[in-house]
Amino acid sequence: MGINLASDPPIAAKIARMAGWVRWRDPLMQRLGVDQTRLMLPKLPQADGAWPAWHFLVVGDSGTGRHRRHSPPRRIAERLLPHRQGAAFLLHTGDVVYLVGAAEQYRANFQRPYRDWLVDGDRWQTLPHDRMVFNQPLLPVPGNHDYYDLSAPVALLSGLSAPLRRQLGWWAEPDCGWHGSGAGGVYAAAFLDGLAGLSEAELSEHLDRHYVARWDGTRCLRYEPGAFTRLPNRYYRFRQAGVDVFALDTNTFTAPHGSREPVDQEQLDWLERGLIASWRDPGCRGRLLVCHHPAYSSEATKAPDPATLAVRHQLRRVFDAVASALAGLAGGRTPVDLVLTGHAHCLELIRCGDTGHADAGIPWLICGGSGYSLRPQGAGGGQVRERDGAGRERVVAASELFIGRGAIGPDPATRPYSALRIDVGPGAPLSLTVTPLVSERIGSGWRDHTLASLPLTTSGSL
């Protein structure tokens, strides 16, 4: 089944669906001073107030259940297990469930491979997707497939053909059920704090039970592994040991330039204000962004993708505004220290060059090869080019590491799936070290690859 059989809801429908789920800007929340975009994670132990060393894990574009005899998502989840001890959280860069974020696919496509992160994960076959509780922080952002829907004829055909397809095997499996995502509603039910059905009294009681953390004088949601592991919104931010993490929903600003679709300006303004406040906060030593769509990639299908260019345009606007507001305050650092994304089906480290904007020098780390499919690098040889206002073509980003289809060994059919461990060094300024975790499917078996760790540095100036 190709993606042309799925439909992408309008941006306004996505925003409205998610806003309704969390009762965005409910009067009671505003009266109580609740910030619906902040999340408080369990704090890491700190010695004498110093910022400790710690690490976290990253996966993305994992959500397939097509493979019957071997499961790339499960293999990658198993690669993470030795690194799980002490990990502050696991980030998921989106496309949690393919192809259309259907509720009936969550068990096979998400709960089965990541059962080790679930309370009662040994019973993953019977756990409802909207009742998942994680024993360690597992923090996703929505991908485009998490918003997709099926047309009624395709849904009917998919459902009626399910018994036959099971007999034919994995190659006839379209990885979808009878339904789509309901404009992201299934993702919301799985991960967000659903408040829509609560009465005023129930909402007040719920807020008094779970929105009890304090951040800069505001109330926010407390994440409790093993007990209550919901997210406050489709986009959110949290802080861990002096590092601010901004999790975005880029699905609502991927409309091509000049499109009639609205831009999610509210989210972009939120990011701009948040980054400026983070830079001015002495309690923060660094900033990370996580989102689904990359602004730069050399993967064959994503380098020229209109969504890639749209996200590049919108994030440049934010970074330029932050740089203007913070002129002279950042000591030569970039607006963010690292951007983590998925969407491109590979693992790639790509760095912005002289773009003429405040994103110059930012490293983009794409983790989109954790299970669904892999794609090769494009014909550009790892370089991303664009034309300036005068029509002159220039290189604006260059790939420093690419692991995708055919990227390990001479065989173009190799399938090296991947995840990441990222270590945060102690103290300030922020230091990051990336360790790729790669498992290659070869014939009927697997070969694990140990790649050298990569220290990340940022350049550029605010």
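Me: Why is Ser298 called buried?

Reply: This is a predicted model, and the call rests on its computed surface. Ser298 has a relative accessible area of 4%. Buried means under 20%. The value of 4% falls under that limit, so Ser298 is buried.

Me: Where is Ser298 placed, and which residues does Ser298 touch?

Reply: Ser298 sits in the loop between strand S11 (286–290) and H10. Leaving out residues up to four places away in sequence, Ser298 touches Ala303, Glu348, Ile350, Gln377, Gly378, Gly382, Val384, Ser399 and Phe402.

Me: What makes the pair Ser298 and Glu348 a polar contact?

Reply: The side chains of Ser298 and Glu348 are joined at 2.5 Å. A polar contact needs N or O atoms within 3.5 Å, with one able to donate a hydrogen and the other to accept it. The 2.5 Å value is within that cut-off, so the pair is called a polar contact.

Me: Why is the pair Lys14 and Asp8 called a salt bridge?

Reply: The closest N and O atoms of Lys14 and Asp8 are 2.9 Å apart. The limit is 4 Å, between a side-chain nitrogen of Lys or Arg and a carboxyl oxygen of Asp or Glu. The 2.9 Å value is within 4 Å, so the pair is a salt bridge. In general, side chains of opposite charge can pair when their charged atoms come close.

Me: Are Lys14 and Asp8 buried, partly exposed or exposed, and how do you know?

Reply: Lys14 has 2% relative accessibility. That is under 20%, so Lys14 counts as buried. Asp8 has 42% relative accessibility. Partly exposed lies between the buried limit of 20% and the exposed limit of 50%, so Asp8 counts as partly exposed.

Me: What makes Glu386 and Arg312 a salt bridge?

Reply: Their closest N and O atoms are 2.8 Å apart. The cut-off is 4 Å, so the pair is a salt bridge.

Me: How do you know that this pair links distant parts of the chain?

Reply: Glu386 lies in strand S15 (residues 383–387), and Arg312 lies in helix H10 (residues 306–325). They are 74 residues apart.

Me: Why do Glu386 and Arg312 count as buried?

Reply: Glu386 has 15% relative accessibility. Arg312 has 4%. Each value is under 20%, so both residues count as buried.

Me: What makes Arg421 and Asp423 a salt bridge?

Reply: Their side chains meet at 2.8 Å, N to O. That is within 4 Å, so the pair is a salt bridge. Asp423 has a relative accessible area of 22%. The value lies between 20% and 50%, so Asp423 is partly exposed.

Me: Which residues do salt bridges with shared partners join into one network?

Reply: The network holds Arg312, Arg316, Asp359, Glu386 and Arg394. For the whole structure, the count is 30 salt bridges.

Me: Is Asp120 buried or partly exposed, and how do you know?

Reply: Asp120 has a relative accessible area of 39%. That lies between 20% and 50%, so Asp120 is partly exposed. Asp120 lies in the loop between H4 and strand S5 (138–140). Asp120 also has a positive phi, about 60°, although it is not a glycine.

Me: Which peptide bonds are described as cis?

Reply: One joins Tyr98 and Leu99, with omega about -5°. Leu99 is in the loop between strand S4 (90–92) and helix H4 (106–111). Another runs from Ala428 to Pro429, with omega near 0°. Pro429 is in the loop between strand S17 (415–424) and strand S18 (432–442).

Me: How many cavities of 30 Å³ or more does the search find, and what lines the largest?

Reply: The search of the whole structure finds two.

Me: What is the overall make-up of the chain?

Reply: The chain has 10 helices and 20 strands. Of its 462 residues, 58% are buried.

How values were computed:
Residues numbered from 1 in each chain as written. Predicted model: local features only at pLDDT ≥ 70, side-chain atom pairs only at ≥ 80, totals over all residues. Heavy atoms only, no water. Buried < 20%, exposed > 50% of the residue type's maximum accessible area, 1.4 Å probe, protein only. Helix = DSSP H or I, 4+ residues; strand = E, 2+ residues; numbered from the N terminus. Contact = heavy atoms within 4.5 Å. 1 Å grid on protein atoms, 1.4 Å probe; cavity = no way out; pocket = protein on both sides within 12 Å on 5 of 7 lines; lining within 4 Å. Points joined across faces, edges and corners; volume = space filled by probe spheres on them.
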